[in-house]
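Here is a short briefing for a first look at this protein. Please keep the sequence and the 3D view at hand while you read.

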Amino acid sequence: MAEQVHNRISMLRAERGISRRELADALGVHYQTIGYLERGEYAPSLTLALQIAAHFDVPIEVVFSLEPFPRLGSGRAG
């Protein structure tokens, strides 16, 4: 059974005010791919994961994780 890859793509898009289609166009993928990624229905290739992190100008581990990300406002400092 494949392990789910968790991500913060939706949060990063919202912070920057860009749509799925805008992100998809910037990455050269179909906009539905972004939706699949955000819902955890598709694990990106290493190349696509690196392109997404580079697009948002953050380290890859800010965008992707094998463990669920803590909920914002969960009281955890950081």
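Buried means under 20% relative accessible area, exposed means over 50%, and partly exposed lies in between (1.4 Å probe, protein chains only). By that scale, Arg39 is partly exposed, with a relative accessible area of 43%. The model is a predicted one: local features need pLDDT of at least 70, side-chain atom pairs count only at pLDDT 80 or more, and totals for chains, interfaces and linings use all residues. Residues are numbered from 1 along each chain as its sequence is written, and side-chain values use heavy atoms, with hydrogens and water left out.

**Overall layout**

- The protein has 5 helices and 2 strands. Helices (H or I, at least four residues) and strands (E, at least two) are DSSP runs, numbered from the N terminus.
- Along the sequence, the pattern reads β-α-α-α-α-α-β.
- The protein has 78 residues, and 28% of them count as buried.
- Contact means heavy atoms within 4.5 Å. Among contacts with a separation of 6 or more, 55% come from residues 24 or more positions apart.
- The protein exposes about 5400 Å², and carbon and sulfur atoms supply 51% of that area. Accessible areas come from the Shrake-Rupley method with a 1.4 Å probe; for residues, only the protein chains shown count as cover.

**Helix α3 and what follows**

- Five names stand for the buried part of α3: Thr33, Ile34, Gly35, Leu37 and Glu38.
- The buried residues of α3 pack against β1, α1, α2 (20-27) and α4.
- Just after α3, Gly40 takes a positive phi of about 75 degrees.

**Salt bridges**

- How many salt bridges does a search of the whole structure find? There are 4. A salt bridge is a side-chain nitrogen of Lys or Arg within 4 Å of a carboxyl oxygen of Asp or Glu.
- One of them joins Glu38 and Arg13, whose closest N and O atoms are 2.5 Å apart. Glu38 lies in helix α3 (residues 31-38) and Arg13 in helix α1 (residues 9-16), so this pair ties together parts 25 residues apart in sequence.
- Are Glu38 and Arg13 buried or exposed? Glu38 counts as buried at 17% relative accessibility. Arg13 is also buried, at 12%.
- Glu15 and Arg16 meet through their side chains in another salt bridge (3.3 Å, N to O). Glu15 is exposed, with a relative accessible area of 54%. Arg16 is partly exposed, at 38%.
- Glu41 forms a salt bridge with Arg39, and their closest N and O atoms are 3.0 Å apart. Glu41 counts as exposed at 51% relative accessibility.
- Salt bridges that share partners join Arg13, Arg20 and Glu38 into one network.

**Two arginines and their surroundings**

- Arg13 is found in helix α1. Neighbours within four places in sequence aside, Arg13 is in contact with Ile18, Ser19, Arg20, Leu23, Ile34, Glu38 and Phe56.
- Arg39 sits in the loop between α3 and α4 (46-56).
- Which residues does Arg39 contact, leaving aside its neighbours within four places in sequence? They are Gln4 and Arg20.
- Arg39 and Ser10 are 29 residues apart along the chain, and their C-alpha atoms are separated by 9.1 Å.

**The largest pocket**

- A pocket is found on a 1 Å grid over the protein atoms alone: it is an open set of points where a 1.4 Å probe fits, with protein on both sides within 12 Å along at least five of seven lines. Lining residues have an atom within 4 Å of a point.
- The largest pocket has a volume of about 340 Å³. Grid points are joined across faces, edges and corners, and a volume is the space filled by probe spheres set on the points.
- The lining of the largest pocket has 15 residues, and Asn7, Arg8, Phe69, Pro70 and Arg71 lie nearest the centre.
- β1 (6-7) and α1 each supply at least two residues of this lining. α1 gives the most, with 3 residues.
- By type, the lining divides into 7 nonpolar, 5 polar and 3 charged residues. Ala, Val, Leu, Ile, Met, Phe, Trp, Tyr, Cys and Pro count as nonpolar, Asp, Glu, Lys and Arg as charged, and the others, Gly among them, as polar.
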